[in-house]
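Subject: Structure handover

Hello,

Please find the structure below.

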Amino acid sequence: MAVRMRIAQINGVLGDGPGQVQRISAAAAQAQADGVQCLLLPALALLGGPGAGDFVQRSAFAAQQDAWLADLLAASRAWPDVALVLTHPARCSAGVAHAVQVLRAGSVLASGSQAVVDGLDLLWRSACPGVGADFDAATPCLFSAGGLRLGVLPGSGAAPEMAAAADAALAAGAQALVCLPVVPFFAGQQQEQATQLAALAQRSQVPCISVHPVGGQDACVFAGASIAVDGQGAIAARAPAFAAAQLDFVCHADGRISAAAAPAPQLDALASLWHALVLAVRDYVEKNRFPGALLGLSGGIDSALVLAIAVDALGPERVRAVMMPSPYTAGISGQDAQAMAAGLGVQYDVIAIAPQVAAFEQALAPLFTGRGPDTTEENLQARCRGTLLMALSNKLGHVVLTTSNKSEVAMGYGTLYGDMAGGFGVLCDVFKTEVFALARWRNAHDPFGTGAAPIPERIITRPPSAELRPDQKDEDSLPPYDVLDELLRRYLEQDASAAQLVQAGFAPDVVQRSLRLLHLSEYKRRQAPGGPRLSRSAFGAAGSGWQVPMTHRFAL
């Protein structure tokens, strides 16, 4: 006995139910034509993907979803030999459940729901174990296709709490397990998912399939790379990462999996990070219907990296770069910015900001009498630039991509309503040391064919500077980035205390000042634009590892 299966990694638009019904129906019709017996969709594919949030609590949402489900059920009569597995929100006595249904030939073959919801923040805040006649968590969702009995777990299957659900499915006769997790991208995710799925297969002694969403949705990036492992835990099939794709394989009753093609290669850390950033920008722009993107190009490494990402995501014809020099902008900054823009073929404009800054200073001079220059004048320059970029955004419709990296965001090294003004913070979860590494990686690779080595070498090797005062360097105000980033990683991701950081060799004054700035800058982060969540310690992202109050007196 064996079943021909296909995973469809569909990159949908959240809330586009009619479009998703059409896409799913087309995929199922093709599966019918190809002799596929079971079509697996990522979790919440009918909604366009995860992230509906509190919409699921609204009666209008429930009515729309019911209509989409009815349309899909009716459409399933056109592909009578294909069992379609999908999940969706379902109301229950205690809130909303993550329900699974299997459709075939106009009927519901099986249903169930998730008792332990992984990625809860990406689903909805009011989740329940799915009690009720239609979605009873105590009853596993099982169905037959191709003579095989399949059990569906609407979750990762990796959490210890999920072992009971897997055991229940196996006890009910499941010969293979299908997992439908809702987990956004993070560094090392592909290896971790493969390891967890292999452990589940080895424990269960049956093939295990994990179907992953793909695409960008607000702060989240979903990587795809769905995988199937045999009953011994060996990877038999893997879909490409960060791309809509199909994955075909045959699941056998004896635990074997026969794949139509070799598993897609697993990307290394920097390649994964690059593709995640490109996908995040592309989907944010495309799904929000922006005609393009624009950014301030300073001649520094952060804006250079964002420009390269934007061009890989959208193509040069949809990206604009604006250089806004002040009297403190080095000549080589303008030269490097112009050279990079020309090399990538993007529209490049120059707006000198000295007149605007002078006008602000003149207007404020009577109120500043007796007070010498300080960061106020530096911030005026940044705010002039932010105003100009937002004016261009209003006039052209392009979204402004901000360029602050995670190290700067952590320390508050940015100006509210200045360089923090914009619509999407591309690098908000990318440490400065990663910025340098990504720049060198991109110069050595051209994954989207937009141009080799796009970032001038001098941009990478020059000491970072905001160029808001004479001879300014970032390290005048911040610790060296290799020190700062390691300190932040330990504090944010490894729960290290201040005392433990000092014990690890960080200078006490560096620890004290860095942690003080980190907490003082929370109010800035609350007002910063959203951006892609790429780690488990992202700032400002739903369900991230960093959720703290702005007002408090806890010891650091």
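Helices (H or I, at least four residues) and strands (E, at least two) are DSSP runs, numbered from the N terminus. Axes are lines fitted to C-alpha atoms, for helices over the stretch in contact, and angles run from 0 to 180 degrees between N-to-C directions. The model is predicted: local features need pLDDT of at least 70 and side-chain atom pairs count only at pLDDT 80 or more, while totals for chains, interfaces and linings use all residues. Residues are numbered from 1 along each chain as its sequence is written, and side-chain values use heavy atoms, with hydrogens and water left out.

Two helix pairs

Helix α6 (residues 269-287) packs against helix α7 (residues 301-314) at an angle of about 65 degrees, and their axes are 8 Å apart. The two helices are therefore roughly perpendicular to each other (65 to 115 degrees). On the α6 side, the contact (heavy atoms within 4.5 Å) is made by residues including Trp274, Leu277 and Arg282; on the α7 side, Leu305, Ile309 and Asp312 are among them. Eleven residues of this contact are nonpolar, none is polar and two are charged. Here Ala, Val, Leu, Ile, Met, Phe, Trp, Tyr, Cys and Pro count as nonpolar, Asp, Glu, Lys and Arg as charged, and the others, Gly among them, as polar.

Helix α12 (residues 432-444) and helix α14 (residues 481-493) cross at roughly 115 degrees, and their axes come within 8 Å. Lys432, Thr433 and Glu434 of α12 meet Tyr481, Asp482, Asp485 and Arg489 of α14. That contact divides into one nonpolar, one polar and five charged residues.

The six-stranded sheet

Six strands form an open sheet with mixed pairing, in the order β6-β7-β8-β9-β12-β13. Two strands pair if DSSP finds at least two bridges between them. The edges are β6 (141-145) and β13 (235-238), each of which pairs on one side only. Neighbouring strands are turned by 20 degrees against each other on average, direction ignored. β6 pairs with β7 (residues 148-153) in the antiparallel sense over five bridges, and Phe143 stands opposite Leu150 in β7. Helix α5 (residues 189-204) lies across β8, β9, β12 and β13, and runs at about 30 degrees to β12.

A parallel pair

Strands β17 (residues 319-323) and β18 (residues 347-350) pair in the parallel sense over four bridges. Arg320 stands opposite Gln347 in β18.

Regards

Key:
Angles under 35 degrees count as roughly parallel, over 145 as roughly antiparallel, 65 to 115 as roughly perpendicular and the rest as oblique.
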